[in-house]
Structures are given as structure tokens and as C-alpha cells.
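Subject: Structure for you to look at

Dear colleague,

I am passing on the structure we spoke about, and I would be glad if you could look through it before reading my notes. The sequence and the coordinates are shown just here.

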Amino acid sequence: MGLMVLVLLASLVASCALWLVIGNKLPLNSEEKFPPLSNIAFYALGLFLPIYLIFFALGL
């Protein structure tokens, strides 16, 4: 359970940093973009599994 909370927090922090670098890009190939909070949520969902696998492989 602690690993899931740690991964959730790490993915939220990483998604905020990614949003600061990339910005509002979703949905792709569309003139009208999602609000910033929705972009951050999609980035967090996309980063959750890779961060989980990295933490699991490192044994944190």
C-alpha cells in the first residue's frame, strides 16, 4: 500500500513538471485543448505505470 501511495505522489509531481515543460498539448491535432488540470491528470495516468515499474524494480 505504501508503494502505491509513493508512486501516486511521484507521478503527480512528475506530471506537474512535465506539464511545465510541455504545456497543454492534449488532445493532439486539435485546436481546442483540455484545461490544464485535465492535462496534468492525463500526464499522471501516463506516468503512473512507468514510475511504478521503476520503483518496483529498484525495490523502494
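What follows is an account of what was found, going from the whole chain to single residues.

Please keep in mind from the start that this is a predicted model. The chain has 60 residues, of which 17% count as buried, and its secondary structure comes to 2 helices and 0 strands. Along its principal axes, the C-alpha trace spans about 40 × 20 × 15 Å. The chain exposes about 4,400 Å², and carbon and sulfur atoms supply 77% of that area. Among the contacts with a separation of 6 or more, 59% are accounted for by residues 24 or more positions apart.

Helix 1 runs over residues 2-22 and helix 2 over residues 36-58, with a loop between them that contains Pro27. For helix 1 there is a simple check on length: its 21 residues, at 1.5 Å a residue, should span 30 Å, and the C-alpha atoms at its ends are 30 Å apart, which agrees.

Which residues of helix 1 are buried? They are Val7, Ser11 and Ser15. Seen down the axis of helix 1, these buried residues fall within an arc of 70 degrees, so they line one face of the helix. The general rule behind such spacing is that an α-helix has 3.6 residues a turn, so residues three or four places apart point the same way. The buried residues of helix 1 pack against helix 2, whereas the face turned away from that buried side carries the exposed residues Gly2, Leu9, Val13 and Leu20.

Ser11 lies in helix 1 and, because its relative accessibility is 1%, below the 20% limit, it counts as buried. If residues up to four places away in sequence are not counted, Ser11 touches Ala44, Leu47, Phe48 and Ile51.

Met1, Val5, Leu8, Leu9 and Leu12 together make a nonpolar surface patch of about 530 Å². Of these, Val5 has its place in helix 1 and is partly exposed, with a relative accessible area of 44%. Leu6, which also lies in helix 1, is partly exposed as well, at 40% relative accessibility. The C-alpha atoms of Leu6 and Ile40 are separated by 18 Å, although these two residues are 34 residues apart along the chain.

The stretch after helix 1 has some backbone features that deserve a careful look. Helix 1 is followed by Gly23, whose phi is positive, near 90 degrees. Further on, the peptide bond from Leu26 to Pro27 is cis, with omega near -10 degrees. Asn29, which has its place in the loop between helix 1 and helix 2, has a phi near 60 degrees, a positive value in a residue other than glycine. As background, most residues other than glycine have a negative phi, and most peptide bonds are trans. Is Asn29 buried or exposed? At 85% relative accessibility, Asn29 counts as exposed.

Lys25 belongs to the loop between helix 1 and helix 2, and at 43% relative accessibility it counts as partly exposed. Leaving aside its neighbours within four places in sequence, Lys25 is in contact with Lys33, Asn39 and Tyr43. Between Lys25 and Leu37, which are 12 residues apart in sequence, the distance from C-alpha to C-alpha is 12 Å.

Finally, what is Asn39 in contact with, once its neighbours within four places in sequence are left aside? The residues are Trp19, Asn24, Lys25, Leu26 and Phe34. Asn39 lies in helix 2 and, at 0% relative accessibility, counts as buried.

Notes: Residues are numbered from 1 along each chain as its sequence is written. This is a predicted model: local features need pLDDT of at least 70, side-chain atom pairs count only at pLDDT 80 or more; totals for chains, interfaces and linings use all residues. Side-chain values use heavy atoms; hydrogens and water are left out. Helices (H or I, at least four residues) and strands (E, at least two) are DSSP runs, numbered from the N terminus. Buried means under 20% relative accessible area, exposed over 50%, partly exposed in between (1.4 Å probe, protein chains only). Contact means heavy atoms within 4.5 Å. Accessible areas come from the Shrake-Rupley method with a 1.4 Å probe; for residues, only the protein chains shown count as cover. Patches are made of residues with over 30% relative accessible area and no salt bridge: like charges are joined within 9 Å, nonpolar side chains (Val, Leu, Ile, Met, Phe, Trp, Tyr) within 5 Å. A salt bridge is a side-chain nitrogen of Lys or Arg within 4 Å of a carboxyl oxygen of Asp or Glu. The expected span of a helix is 1.5 Å times one less than its number of residues. The arc is that of the directions from the helix axis to the C-beta atoms.
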